[in-house]
Amino acid sequence: MLRVLIWLVLIMPFIAQSKVIHKERSLYRNILVEKNADLLCLKFNEKTRKSTQSCMYQSDPKKLVFNYTKMTFASLLFIDNPKNVLIIGLGGGTLSNTIHELYPNAHIENVEIDPAVIKVARDYFDFVETDSVTSKVQDGRIFIKRAALKKQKYDWIILDAFNGDYIPEHLLTKEFFAEVKSVLTKNGVVAANTFSSSKLYQHESATYFDVFGDFVNVVTDKDSNRIILAGFHAMPTEQQIAERVKRLTPKLAPYDVDMQLLSEHLSYTKGNQDWPKDTKVLTDQYSPANLLNYQ
């Protein structure tokens, strides 16, 4: 009880200062943009809760706010100079903007199902669009199906259709991951922002393993999300990781990304499987994502 009271005392001044500067009802949800001193946040207001999707320090837009966003850049310990990037789920466009600054010659495709989210990202979060950085209103799975038909390939696929404690069921199945794998280049990597603890953890892990084989979990804080890194053919050696950390550290420092810390929190599932071998794989026919998550 005392801890709760202390937390309330610490957080209440910030809650009181928070001001809604934009509010709208989209086809899918209530969208809010809240300003709290220097912090600007995109939130989805759904029934009795708010889920924060993206935040930006207005005085220092480069500096990343969320731990999971920083963890996503552990991907760069597995790939060099990505040329084609696909991001499913836009939020405020933070990942896209950062990758564009790091790799200005890369082609980045952002896919977002809600057109209102794209507009808010443009109007409030400085989301950058150029000839090589694009956004498309479409369901992520439909986009990937069509990309596969067109024989398109991506070096870095980021799955970020995550809403606090929910990922759309059709983006969690064996069939979907197989479709993702089909548009991944030979030396590419998939990075998925997902659950670090939930009833879905074991099923999701079993499903990734079924499609991609051994993968890597990145978790730097026990209370945060995990990032799954999958699709690579072999785990980099310690020397390769050390060399990449050294090369990437100065590039990522302005974004408050600690590459050394990330390198120390790579948990390879090979020989370290943390789910029962008989865990049921999620499929289009067996995908009780909501049921599992809210039990």
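Tutor: Here's a walk through the salt bridges, pair by pair. Quick housekeeping: this is a predicted model, where local features need pLDDT of at least 70, side-chain atom pairs count only at pLDDT 80 or more, and totals for chains, interfaces and linings use all residues. Residues are numbered from 1 along each chain as its sequence is written, and side-chain values use heavy atoms, with hydrogens and water left out.

Counting a salt bridge as a side-chain nitrogen of Lys or Arg within 4 Å of a carboxyl oxygen of Asp or Glu, you get 13 of them. Take Asp80 and Arg244, whose side chains meet at 2.9 Å, N to O. Asp80 sits in the loop between α2 (67–72) and β5 (84–88), while Arg244 belongs to helix α8 (residues 238–252), 164 residues apart; helices (H or I, at least four residues) and strands (E, at least two) are DSSP runs numbered from the N terminus. Asp80 is partly exposed at 48% relative accessibility, but Arg244 is buried at 13% (buried is under 20% relative accessible area, exposed over 50%, partly exposed in between, with a 1.4 Å probe and protein chains only).

Next, Lys145 and Glu179 pair up at 2.8 Å, N to O. Lys145 is partly exposed at 41%, whereas Glu179 is buried at 15%.

Helix α6 also holds Lys174, 36 residues from Asp210 in helix α7 (residues 201–212); their closest N and O atoms are 3.3 Å apart. Here Asp210, at 40%, is partly exposed, and Lys174 is partly exposed too, at 35%.
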